[in-house]
Amino acid sequence: VLLCTLLLASVVATLPVSAGGPPAQIVISTQSTVISSDGVLQMEATLYDALNNVVDGEITWSSSNGTIGENGLFFPWSAGQVTIRAEHGGFNDTVVVTVQAGFGQSIDINTTSQPRAKFPFTLQASLIDSHDNPRSGQDVVWTVDGMYIGQGEPSWTPPSLGLYEVIARYDQLEERV
């Protein structure tokens, strides 16, 4: 019995180990996340054979919005949900990335309604990023004719009919109406 066991052990020890088989699945290892439209995200994916061994192969990347290079580096454009897909030989995997508006590059003052004398009026603005994505103007500081009115969406009551210089400021940005 001992001789048979040693003989069997030597046969098993000399069996050749084969390289992984053909790809049977692709898995994106980068988790769903939230990024700014000003940022970039490195996506990672791995090919596996039927026995879950890592195998080599070319991965093709695509995104529903933004740009993604052949190396998986993703550059977002518009704010919202973006589906990123990795493909190889008919196999694919997807992940959803949430893109939020980036740093404000300009201010857009809401002028859809007009103030009326002696009636409260809410001042509103959006910050617009480099990809034209709007975000809340809660950090915008307001002045009317040089007087501080408030931050965010303050209420202002025009004292009488007339023209007023309304200025919205955020960091180095300024917009006048």
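Helices (H or I, at least four residues) and strands (E, at least two) are taken here as DSSP runs, numbered from the N terminus. The model is a predicted one, so local features need pLDDT of at least 70 and side-chain atom pairs count only at pLDDT 80 or more, while totals for chains, interfaces and linings use all residues. Residues are numbered from 1 along each chain as its sequence is written, and side-chain values use heavy atoms, with hydrogens and water left out.

With that numbering in hand, the chain shows 1 helix and 19 strands. Of its 177 residues, 30% are buried, where buried means under 20% relative accessible area, exposed over 50%, and partly exposed in between (1.4 Å probe, protein chains only). The chain exposes about 11200 Å², and carbon and sulfur atoms supply 55% of that area; accessible areas come from the Shrake-Rupley method with a 1.4 Å probe, and for residues only the protein chains shown count as cover. Among contacts (heavy atoms within 4.5 Å) with a separation of 6 or more, 51% join residues 24 or more positions apart.

A nonpolar core is a set of buried Ala, Val, Leu, Ile, Met, Phe, Trp, Tyr and Cys residues joined through side-chain atoms within 4.5 Å. The largest such core has 18 residues, and Met43, Trp61, Phe74 and Ile84 have the most contacts inside it. Two or more residues come to this core from each of β1 (25–28), β4 (45–48), β9 (80–88) and β10 (91–100). Leaving out residues up to four places away in sequence, Ile84 touches a list of partners that includes Met43, Trp61, Phe74, Val95 and Val97. A second, separate core has 14 residues, including Phe121, Leu123, Trp142 and Val144.

Asn65 sits in the loop between β6 (60–63) and β7 (67–68). Beyond four places in sequence, Asn65 touches Phe74, Trp77, Ser78 and Val82.

Trp156 belongs to strand β17 (residues 155–156) and counts as buried because its relative accessibility is 10%. Its contacts outside four places in sequence are Pro115, Phe119, Pro120, Phe121, Leu123, Val144, Ile149 and Tyr164. Trp156 and Thr122 lie 34 residues apart in sequence, yet their C-alpha atoms are 6.3 Å apart in space.

Lys118, in the loop between β11 (106–109) and β12 (121–122), has a positive phi near 65° and counts as exposed because its relative accessibility is 62%. Asp145, in the loop between β15 (141–144) and β16 (147–151), has a positive phi near 50° and counts as partly exposed because its relative accessibility is 45%.
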